[in-house]
Amino acid sequence: MRPRYRHRTTASLTLAAAVLTASLSGCTAPQSSQTGEPTPTETVTVTASPSPAALVIPDCEQLVPIESVRQVERWSEVILIQTMEGTALAGNLPGPLARDAASRAQQNRGCLLGVPQSDSAVGVYTLDIDVPTRDNLIDALRADGGFTESEIDGAPSFAIATDEGLGGTTVSYTFVGDAWLILRGSLIDSETAAHVAAPAVAELRAANPGLDER
C-alpha cells in the first residue's frame, strides 16, 4: 500500500507544479516586437498679440497745471471749476467727422477752467479714440481750409476760430497716440490754446509710456 501512495503523491505534486508553472507563464508581460524609438510629437506654440493698454487720463489737477495756465495774460486768476466725464462732453464740435469721433470715444474726460467774475473760460477734453478714426480725422482736418495746422511738442494740432460765444471761440484738436486733446474757450486765440495744451500733452505722455507709437 505504501509504494502505491507514494506514486500517487508524486504524481499529484508533479501535476500541481505543472499547473502553477502554466499560471505564472500566463502572467508574464508580452515582449514588444517594436525595436524603433517613438517619434516625438511636434509642439506648436501660438503667441497671442498683446492687447493695447487702455489710455490713462490723469486727473484735471495734473493734466492741466493751473500755474502753467496762469502765465497766460488775462488768466492769472484762473481756477479749476469742474471735472466732467462722459461721451457727450465734446459735442457740437466743428466738423462732422469730429462730432462722430467724439460720440464714439471710449473715454472722455473734461476739465473746465475759468476766471471768476469774467467771461474767460476754457474746456480741456481728453478722448480715447481708435487709430483708424484718428487717421481719418487728421486727413479731413488737413483737407479743410478752415483749420490751421501746427505742432505742439511734435504732436499734430489743428485750430479754428469760430463766432460762438461772447468775443468768439477758438477750438483746437491735438493728437498724441490714441489720445485726442480738444480745447475750446472764449477770449483765447490759437497761441493761448497751444500754451494750455502743451503741459497736457506732456502729462499724457508721462502717464502712458510709448504713447506716440500707438
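Buried denotes under 20% relative accessible area, exposed over 50%, and partly exposed in between (1.4 Å probe, protein chains only). The model is predicted: local features need pLDDT of at least 70, side-chain atom pairs count only at pLDDT 80 or more, and totals for chains, interfaces and linings use all residues. Residues are numbered from 1 along each chain as its sequence is written, and side-chain values use heavy atoms, with hydrogens and water left out.

**View 1. Salt bridge between Asp-178 and Arg-214.** A salt bridge is a side-chain nitrogen of Lys or Arg within 4 Å of a carboxyl oxygen of Asp or Glu; here the closest N and O atoms are 3.3 Å apart. Asp-178 lies in the loop between strand 6 (169-176) and strand 7 (179-186), and Arg-214 in the segment after helix 6 (190-207), so the pair ties together parts 36 residues apart in sequence. Helices (H or I, at least four residues) and strands (E, at least two) are DSSP runs, numbered from the N terminus. Asp-178 is buried at 11% relative accessibility, whereas Arg-214 is partly exposed at 25%.

**View 2. Salt bridge between Arg-109 and Asp-59.** The closest N and O atoms are 3.6 Å apart. Because Arg-109 belongs to strand 2 (residues 107-114) and Asp-59 to the loop between helix 1 (2-27) and helix 2 (60-63), the pair ties together parts 50 residues apart in sequence. Arg-109 is buried, at 17% relative accessibility; Asp-59 is partly exposed, at 49%.

**View 3. Salt bridge between Glu-85 and Arg-109.** Here the closest N and O atoms are 2.7 Å apart. Glu-85, in strand 1 (residues 79-85), is 24 residues from Arg-109 in strand 2. Glu-85 is exposed, at 52% relative accessibility.
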